[in-house]
Amino acid sequence: MSNSARGDLERFGYVLLDEIFDIHELNSLAERLAATLRTNHEASVLRSRGQTYGSRNLLAMFPDVSTLLISRPLLEFVTGVLGCNAGLVRALYFDKPPGRTWSLPWHKDRTIAVKRNDIPSSRFRKPTLKTGISHVEAPDSLLAEMLTLRIHLDEMTEENGPLSVIPASHDPNVLSKQQPVQVRANVGDVLAMRPLLSHSSSSSRPETTLHRRVIHLELASHRELPDGYEWHTYIPIV
């Protein structure tokens, strides 16, 4: 993976990595994932009127998702950004099924999954419980050292509720706000982004027959957390 991709990530807060995964490889994984979600009745699997549109704890029910980081170009990119002590700390799954679409307003990803969220701390705030897993809002200093990878199982177009981002909004030193950019992606592409990048997601068009399935991986640069906190899950990638 070229240095220019890492440079774009640091400058803009995101970069699209083209054709990281083979389409046939991803289709096979998507079929196995769909079968797992259909038969799993845990609260972490999100459903609406018979349609599955998400999972908050993908690592527990579908451990194979961690093997996606074995891909050499992707592994080289991640270690180049986070270092060799990087670890996978959370995996989510999103879909926008036809007829069951949804949207998200502008936001930054500030929460992390931890083993306990009741330890006194001046750094971690707003403890919550999501489908039985403890979460807290992390300090910006920690989030700035994290990386999100969004692996696209479907093409992302204007039709199926694409992601929009505000370039450089992750950097507190950039004072002038840039115009939003709507991201496009093909099957097998990976969007790498910093959690503090402002982003939103529009609804799919009513007439679409397209899904928009994404595997969302969150990675940290090191295992240790301050104030006695621990990641809910930490899987070293090397």
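Modeller: Gladly. On a 1 Å grid over the protein atoms alone, a cavity is a set of points where a 1.4 Å probe fits but cannot get out, while a pocket is an open set with protein on both sides within 12 Å along at least five of seven lines; lining residues have an atom within 4 Å of a point. The model is predicted, so local features need pLDDT of at least 70 and side-chain atom pairs count only at pLDDT 80 or more, while totals for chains, interfaces and linings use all residues. Residues are numbered from 1 along each chain as its sequence is written, and side-chain values use heavy atoms, with hydrogens and water left out.

Biologist: Which residues line the second largest cavity?

Modeller: Its lining consists of Arg90, Asp109, Thr111, Ile112, Leu143, Met146, Thr148, Pro195 and Glu218. The space in this second largest cavity is about 50 Å³, where a volume is the space filled by probe spheres set on the points, and grid points are joined across faces, edges and corners. By class, its lining has four nonpolar, two polar and three charged residues. Here Ala, Val, Leu, Ile, Met, Phe, Trp, Tyr, Cys and Pro count as nonpolar, Asp, Glu, Lys and Arg as charged, and the others, Gly among them, as polar.

Biologist: How many cavities of 30 Å³ or more does the structure hold?

Modeller: There are three. The largest cavity has a volume of about 110 Å³, and of its 15 lining residues, Arg56, Asn57, Arg90, Ala113 and Ile133 are the closest to its centre. Strand β4 gives the most to that lining, with four residues; helices (H or I, at least four residues) and strands (E, at least two) are DSSP runs, numbered from the N terminus.

Biologist: And the largest pocket: what is its volume, and which residues lie nearest its centre?

Modeller: The volume of the largest pocket is about 570 Å³. It is lined by 25 residues, with Arg56, Leu92, Phe94, Leu104 and His107 nearest its centre. Two or more lining residues come from each of β3 (51-55), β4 (87-94), β5 (104-107), β13 (199-201) and β14 (214-220). The lining of the largest pocket divides into eight nonpolar, eight polar and nine charged residues.

Biologist: Now the sheet. In what order do the four strands of the open sheet stand?

Modeller: Strands of a sheet pair through backbone hydrogen bonds, either parallel or antiparallel. Two strands pair if DSSP finds at least two bridges between them. In this open sheet the order is β5-β13-β10-β11, and the pairing is antiparallel. Because β5 and β11 (181-182) at the edges each have a single partner strand, one side of each is left without a neighbour in the sheet. Strand β10 (residues 163-165) pairs with β13 over three bridges, and Ser164 stands opposite Ser200 in β13.

Biologist: Which members of the largest nonpolar core touch the most other members?

Modeller: A nonpolar core is a set of buried Ala, Val, Leu, Ile, Met, Phe, Trp, Tyr and Cys residues joined through side-chain atoms within 4.5 Å. Buried means under 20% relative accessible area, exposed over 50%, and partly exposed in between (1.4 Å probe, protein chains only). Of the 37 residues in the largest core, Phe77, Leu149 and Ile215 touch the most other members. Another core of 15 residues lies apart from it, among them Phe124, Val136, Leu142 and Leu225.

Biologist: Is Val15 buried or exposed?

Modeller: Val15 counts as buried because its relative accessibility is 9%. Val15 is found in strand β1 (residues 14-17).
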